[in-house]
Amino acid sequence: MATHKLLLLPGDGIGPEVMREVEKIVGWFAKNGVGFETETDLVGGSAYDAHGAAISEAAMVRAQDADAVLFGAVGGPKWDGVPYAVRPEAGLLRLRKDLGLFANLRPAICYPALADASSLKREVVEGLDIMIVRELTGGVYFGEPKEIVTLEDGSQRAVDTQLYTTAEIERITRVAFDLARKRRNKVSSAEKSNVMKSGVLWRQIVSRLHKAEGSDLQLEHVLADNCAMQLVRNPKQFDVIVTDNLFGDILSDIAAMLTGSLGMLPSASLGAEDPKSGTRKALYEPVHGSAPDIAGKGLANPIAMIGSFGMALRYSFGLVEAADLLEKAIANVLASGTRTKDIAAPGANAVGTQDVGDAIVKELSALS
Ligand code: IPM
Ligand code: MN
């Protein structure tokens, strides 16, 4: 019997309010034959307030034990002054590192109904469907040394370390190749081999792996800065983009805006497959942050969070039909005009966070 153990980590800011909408969806699936065992815990600033750490050891144990973690968002001005080691973001980074979640999948899909919500022209984004594969446990986010040192003259020097190994590049490239095979068979690898040694190695390894294992796919190398420009110039040229941790962070924010709003982009962070069980550790989170400016006002768009649960259905639980159903329900609700302010059509009335969750639940029933 497959267990469906979910750990919910709503976090800070708009995290709790968008997570509440996911709970409605989880509730709907439970009533319709797909039950989940859910637990909830603290992460980020809320965990710091309760435990003095960005995530407690007990929550880490629960995360290790869950089939999938659903993560809201962390951070906010309230915690601007807390020590660096326990800042809210440290909770998320620890989850990624300790669970070995090296592959971050960030799909950017522009629903037809939303093509006008993007800051780009309709014809540039309409029908867009790209997948950014971001390396998530290496690079400058985790490389050592990472420090600020005081020099003899009293001034300071800060250092972060960009570091990648053959194995790290190979495993993320394989993820990109596998995804491209289920899509349009094209992989664009983004790095800065014109200035960075890590980029030189990245390009070499990706090329080598392409020859050895991916000759059925089209591969192109693109400099990360050019990739950013191409994403806003002609994003539909891309299928799968594979890139490092920092470039992936930046390129995925750009991609989010192509879809109409940062409130639309879900993501999946996956670990390596366990050879015995065939399962992977996984965490699902919206690409948007905690948006403290609108937190608690019922204005947040819950679709990125709900879409992240959809990705959990697909990637962690193999519930492809349920995932398709949820995506269809989201698309229909968007088309019906039930939208939060960030994506409302010009002149149309925007609805609140809860209205969108309720509408998706209703649409799930209507569709099934
Ligand atoms: C993201 C976020 C995180 C990151 C922050 C919150 C640490 O921006 O998931 O994209 O930089 O990875
Ligand atoms: Mn980011």
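Trainee: Ala291 lies in the loop between strand S12 (282-284) and H10. What value is phi of Ala291 near?

Mentor: This is a predicted model, in which local features need pLDDT of at least 70 and side-chain atom pairs count only at pLDDT 80 or more, while totals for chains, interfaces and linings use all residues. Residues are numbered from 1 along each chain as its sequence is written, chains are lettered from A and ligands numbered from 1 in the order in which they are written, and side-chain values use heavy atoms, with hydrogens and water left out. Ala291 is a residue other than glycine with a positive phi, near 40°.

Trainee: Is Ala291 buried, partly exposed or exposed?

Mentor: Buried means under 20% relative accessible area, exposed over 50%, and partly exposed in between (1.4 Å probe, protein chains only). At 22% relative accessibility, Ala291 therefore counts as partly exposed.

Trainee: Asn185 is another one to look at; where does Asn185 lie?

Mentor: Phi of Asn185 is positive too, near 60°. With a relative accessible area of 33%, Asn185 is partly exposed. Helices (H or I, at least four residues) and strands (E, at least two) are DSSP runs numbered from the N terminus, and Asn185 lies in the loop between H6 and S8.

Trainee: Turning to helix H11 (residues 320-336), how far apart are its end C-alpha atoms?

Mentor: The expected span is 1.5 Å times one less than the number of residues. For the 17 residues of H11 that should give 24 Å, and the end C-alpha atoms agree with it, being apart by 24 Å.

Trainee: Within what arc do the buried residues of H11 fall?

Mentor: The buried residues of H11 are Ala322, Ala323, Leu326, Ala329, Ile330, Val333 and Leu334. The arc is taken from the directions from the helix axis to the C-beta atoms. Seen down the axis of H11, the buried residues line one face of the helix, because they fall within an arc of 130°.

Trainee: Which residues are exposed on the other side of H11?

Mentor: What covers the buried residues includes helix H1 (15-31), helix H10 (303-315) and helix H12 (353-367), with contact meaning heavy atoms within 4.5 Å. On the other side of H11, the exposed residues are Glu321, Ala335 and Ser336.

Trainee: How are H10 and H11 oriented to each other, roughly parallel or roughly antiparallel?

Mentor: Axes are lines fitted to C-alpha atoms, for helices over the stretch in contact, and angles run from 0 to 180 degrees between N-to-C directions. H10 and H11 pack at about 160°, with their axes 7 Å apart. Angles under 35 degrees count as roughly parallel, over 145 as roughly antiparallel, 65 to 115 as roughly perpendicular and the rest as oblique, and H10 and H11 are therefore roughly antiparallel.

Trainee: And what does the angle make H11 relative to H12?

Mentor: H11 and H12 pack at an angle of about 120°, with their axes 9 Å apart. That makes H11, relative to H12, oblique.

Trainee: Which residues does Glu21 touch, not counting residues up to four places away in sequence?

Mentor: Glu21 lies in helix H1. At 2% relative accessibility, Glu21 counts as buried. Leaving out residues up to four places away in sequence, Glu21 touches Pro302, Ile306, Thr353, Gln354, Gly357 and Asp358.
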